[in-house]
Amino acid sequence: MSDKRVVITGLGVLSPIGNTTSEAWENAVNGKSGVSRISTLDPELFTSQVAGMVKDFDPAEVLDPKSARRNDRYTQFAMAAARQAWADSGLSEESIDPERVGVIIGSGVGGMETFETQHTIAMDRGPRRISSMFVPMMISNMAAGQVAIDLNAKGPNFATVTACASSSHAIASSVDAIHLGRAEVMVTGGSEAPITLMSVGGFCSMKALCTTFNDDPEKASRPFDKDRSGFVIAEGACILVLEELEHAEARGADIIAEIAGVGMSCDAHHITAPAPGGEGCARAMTMAMKDAGMTPGDVDYVNAHGTSTILNDINETSAIKAALGSHADEVLVSSTKSTHGHMLGATGAMEIMLSSLALKNGLVPPTSTLETPGEGCDLDYVPGTARKANIQCALSNSLGFGGHNVSIALRKYKGDS
Amino acid sequence: MSLENRIAEIIVSRLNVKPEEVTDSANLKDDLGADSLDMVDLMMDLEDTFNLKISDEEGNTLQTVGSVVAFLKTKGIEA
């Protein structure tokens, strides 16, 4: 293990709860839901008719008309969020060599909308009418590639694809890249644009989505609640700028929090169902604490994956108990998916961002929609309203279909305390 | 609408350029910023609009706006 330390120095976001970091944070803290009835597709086609959609985003205006036309919505999100994060970091080519800046951006699927549009053209008019832009727009690594072009970031660059853990793996790999000396700055996170016929339809077929709150969208994503019935599909991007601590301090950067440790594991159990007792998740949490030099008693806050599915929430609760032991009774746990829904490949980055702001601000965002905890869900999930707390250490969990588990350990930046 | 105007409209839409940039002598790649991928899709746009086939060899000869106009005229397309 290197003696380098990694801190967050820039944040950018496009999400159902806001297209700036401050707006998203305020809405997460105030429990203001970004979930509404699906408006970009005919909701009547689906059993689940609610989603967390990015609003007021005109890619031609935020980017430029040509970038808007030549990039899938998921890449547009990533570019817009990365520009915000880069500006927020205050970095420039004067303060960092472009060859020392890497980009790792995860996405569960990539350009699904492009795939569907072009597949329809191919079926209707034959494969010779497939756009030359089909492949570059669809591939799930293009967000990382385009962001690098946009920011002139010439260091390590790739994508991570682990379903709902994609962006947490991206951040974990970015931390590793800085530890290994492959880069000093990493632009990292995730992006997803899954409000499409095939994505919504596919998750509906899995019976993974909430179908019981179609008339009350803002209450649909209700992690740990007894009336939860599935997750709420959502779109967006969240990008973090990670930086080696000494580099950040030397230039007087505004440091948001430290990423102190990484844990990852696989259930090796089932393609979609979590391992019994959340044992894979628990091992990732334990590994993250060890990596960060934390003990269970140090952990003040767990930002749970908390999807609002029956299986996740009960198994993750068990995992937290297994990883933290008796301290689980004291730790604050919340799922911000209660406001922004499940942004799939972008959700880990979104939640790590909110966790870092929780540490910085001493304020834990709530599980806003939780009214009556479900059976087996008996931790302090910070129901309803945010809680002021002098938290020092946090874990943020992300779990993906395929049994992929990531837990990221964050520590309050001491310059703040 | 004249043939020139119809072609200009397609080029403006495909390459995201301003109408006044689309002059007879403008080079599609050098002046209007088309890359090889844009060129493929531009040929498809022309094929769809004017209901004809453009071979790769023919497409490679279309470098300027004027050459596109002239090519379509040789195919008997006037407007």
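**Helices, sheet and domains**

Reader: In this predicted model, at roughly what angle do the axes of helix H1 (residues 3-15) of chain B and helix H2 (residues 36-50) of chain B cross?

Author: Two packed helices are described by the angle between their axes and the distance between the axes. The axes of H1(B) and H2(B) come within 10 Å of each other, and H1(B) passes H2(B) in a right-handed crossing. The angle at which the two axes cross is roughly 145°.

Reader: Which residues of H1(B) meet H2(B), and how many residues of each class does the contact have?

Author: From H1(B) come B:Arg6, B:Ile10, B:Arg14 and B:Leu15, and these meet B:Asp38, B:Asp41, B:Leu42, B:Asp45, B:Leu46 and B:Thr49 in H2(B). Sorted by class, this contact of H1(B) with H2(B) has 4 nonpolar, 1 polar and 5 charged residues.

Reader: How many residues does each chain give to the contact between chain B and chain A, and what is the make-up of the side of chain B?

Author: Chain A gives 7 residues to the contact, and chain B gives 5 residues. By class, the side of chain B that touches chain A has 3 nonpolar, 1 polar and 1 charged residues.

Reader: Turning to chain A, which element gives the largest share of the side of domain 1 that touches domain 2?

Author: Chain A is divided into domain 1 (6-250) and domain 2 (260-411), and their C-alpha centres lie 21 Å apart. In the contact, 58 residues of domain 1 of chain A touch 57 residues of domain 2 of chain A. The elements giving two or more residues to the domain 1 side include strand E1 (6-14), helix H1 (21-30), helix H8 (166-179) and strand E7 (236-244) of chain A. The largest share of that side, 7 residues, comes from H8(A).

Reader: In what order do the strands of the open sheet of chain A lie, and which strands are at the edges?

Author: The open sheet has 10 strands with mixed pairing, in the order E5-E4-E6-E7-E1-E8-E14-E13-E9-E10 (chain A). Pairing on one side only marks the edge strands, which are strand E5 (157-158) and strand E10 (332-334) of chain A.

Reader: How does E6(A) pair with strand E4 (residues 101-106) of chain A, and how does E6(A) pair with E7(A)?

Author: E4(A) and E6(A) are joined over 6 bridges in the parallel sense, with A:Ile105 opposite A:Gly189 in E6(A). E6(A) and E7(A) are joined over 8 bridges, and A:Met186 has A:Leu242 in E7(A) as its bridge partner.

Reader: How many of the residues of E7(A) are buried, and which residues lie on each face?

Author: In a regular strand the side chains alternate between the two faces of the sheet. E7(A) is mostly covered, with 9 of its 9 residues buried. On one side these are A:Gly236, A:Cys238, A:Leu240, A:Leu242 and A:Glu244, and on the other A:Ala237, A:Ile239, A:Val241 and A:Glu243.

Reader: Why is strand E8 (residues 257-266) of chain A described as largely enclosed, and how many bridges join E8(A) to strand E14 (residues 404-411) of chain A?

Author: E8(A) is largely enclosed by the rest of the structure because 9 of its 10 residues are buried. E1(A) runs antiparallel to E8(A) and is joined to it by 3 bridges, A:Val6 having A:Ile259 as its bridge partner in E8(A). With E14(A), where A:Cys266 stands opposite A:His404, the pairing is antiparallel and the number of bridges is 8.

Reader: Which residues of H1(A) are buried, and what covers them?

Author: The buried residues in H1(A) are A:Thr21, A:Ala24, A:Trp25, A:Asn27, A:Ala28 and A:Val29. What covers them includes E1, helix H13 (337-340), helix H14 (347-361) and strand E11 (363-364) of chain A.

Reader: Is A:Asp227 buried or partly exposed?

Author: A:Asp227 sits in the loop between helix H9 (197-205) and E7 of chain A, and its C-alpha atom is separated by 8.6 Å from that of A:Thr212, 15 residues apart along the chain. Because A:Asp227 has 16 C-beta neighbours inside 10 Å, it counts as partly exposed.

Key:
Residues are numbered from 1 along each chain as its sequence is written. Chains are lettered from A and ligands numbered from 1 in the order in which they are written. This is a predicted model: local features need pLDDT of at least 70, side-chain atom pairs count only at pLDDT 80 or more; totals for chains, interfaces and linings use all residues. Axes are lines fitted to C-alpha atoms, for helices over the stretch in contact, and angles run from 0 to 180 degrees between N-to-C directions. Helices (H or I, at least four residues) and strands (E, at least two) are DSSP runs, numbered from the N terminus. A crossing is left-handed if the near helix is turned anticlockwise from the far one by less than a right angle, and right-handed if clockwise. Two residues are in contact if their C-beta atoms, placed from the backbone, lie within 7 Å. Ala, Val, Leu, Ile, Met, Phe, Trp, Tyr, Cys and Pro count as nonpolar, Asp, Glu, Lys and Arg as charged, and the others, Gly among them, as polar. Domain bounds come from an automatic or database domain assignment. A residue is buried if 20 or more other C-beta atoms lie within 10 Å of its own, exposed if 12 or fewer, and partly exposed in between; C-beta atoms are placed from the backbone. Two strands pair if DSSP finds at least two bridges between them.
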